[in-house]
Amino acid sequence: MSARAQRRNRRVATALLGLLSLAGCGITPAPRYGSGVDSSAPEPVSSELTTRQRAFRTGDNRRLLKVVKGYLEVPYLWGGTTRAGMDCSGLTRAVYREAYGLELPRTSKQMYALGRPVSRSSGLKPGDLVFFRISDSGPGVSHVGIYVGDDRFAHASSSRGGVIDELSQTYFTQRYVGARRILP
């Protein structure tokens with residue numbers, strides 16, 4: 001890896017840590033939700049990642065899809081964070097924890113402050129977070145999902161639980177707010 005890429009990775013890691021601390025998240029590792037999943041706590045973001053950690057963090061689309069499939073049909077529960085019921089941010093946090101070993105903030109609004117913006121036209125990548133304004137509860141985002149590729153994203157639907165939908169569905173295009181890239 002070039003020195004320039006290493007500096008960029010350090011800046012991204014430092015910025016992510018800074019945002020998490022500024023948000024007052026005080027995130028501590030939450031329990032694992034899957035059976036047979038490594039029960040060790042996710043590693044904190046570090047500027048000095050090993051090759052294995054870097055590969056884990058940059059993602060493997062097959063791993064992401066495998067983790068997402070484990071959350072399909074988990075019932076929707078507003079504020080829920082377990083397999084008994086999850087809301088959109090609970091599902092997003094759980095998938096990110098299992099797929100990438102990263103802890104995300106609790107709410108979609110807090111997540112929207114992370115990473116860097118990505119436009120749909122420039123090309124979303126699997127692992128990008130996609131945000132929507134679903135309710136009329138005020139300005140800003142109220143729903144989050146994870147882009148999985150091929151114009152599809154995983155999220156917790158209030159009527160169907162954990163699902164994968166097409167981003168280009170009229171319902172979502174009318175409510176789309178933006179996307180954020182957390183991973184390098």
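User: What should I know before reading it?

Analyst: This is a predicted model, in which local features need pLDDT of at least 70 and side-chain atom pairs count only at pLDDT 80 or more, while totals for chains, interfaces and linings use all residues. Residues are numbered from 1 along each chain as its sequence is written, and side-chain values use heavy atoms, with hydrogens and water left out.

User: In what order do the six strands form the sheet?

Analyst: In general, strands of a sheet pair through backbone hydrogen bonds, either parallel or antiparallel. Strands here are DSSP runs (E, at least two residues; helices are H or I, at least four), numbered from the N terminus, and two of them pair if DSSP finds at least two bridges between them. In this model the open sheet runs β3-β8-β4-β5-β6-β7 with antiparallel pairing, and its edge strands, β3 (116-118) and β7 (161-166), each pair on one side only.

User: How many bridges join β5 and β6?

Analyst: Strand β5 (residues 143-149) and strand β6 (residues 152-157) pair over three bridges, and Phe153 in β6 is the bridge partner of Tyr147.

User: Is Arg175 buried, partly exposed or exposed?

Analyst: Buried means under 20% relative accessible area and exposed over 50%, with partly exposed in between (1.4 Å probe, protein chains only). Arg175 counts as partly exposed because its relative accessibility is 24%, and this residue is found in the loop between α6 (170-173) and β8 (176-181).

User: Which residues does Arg175 touch, beyond those up to four places away in sequence?

Analyst: With contact meaning heavy atoms within 4.5 Å, Arg175 touches Phe131, Phe132, Arg133 and Ile134.
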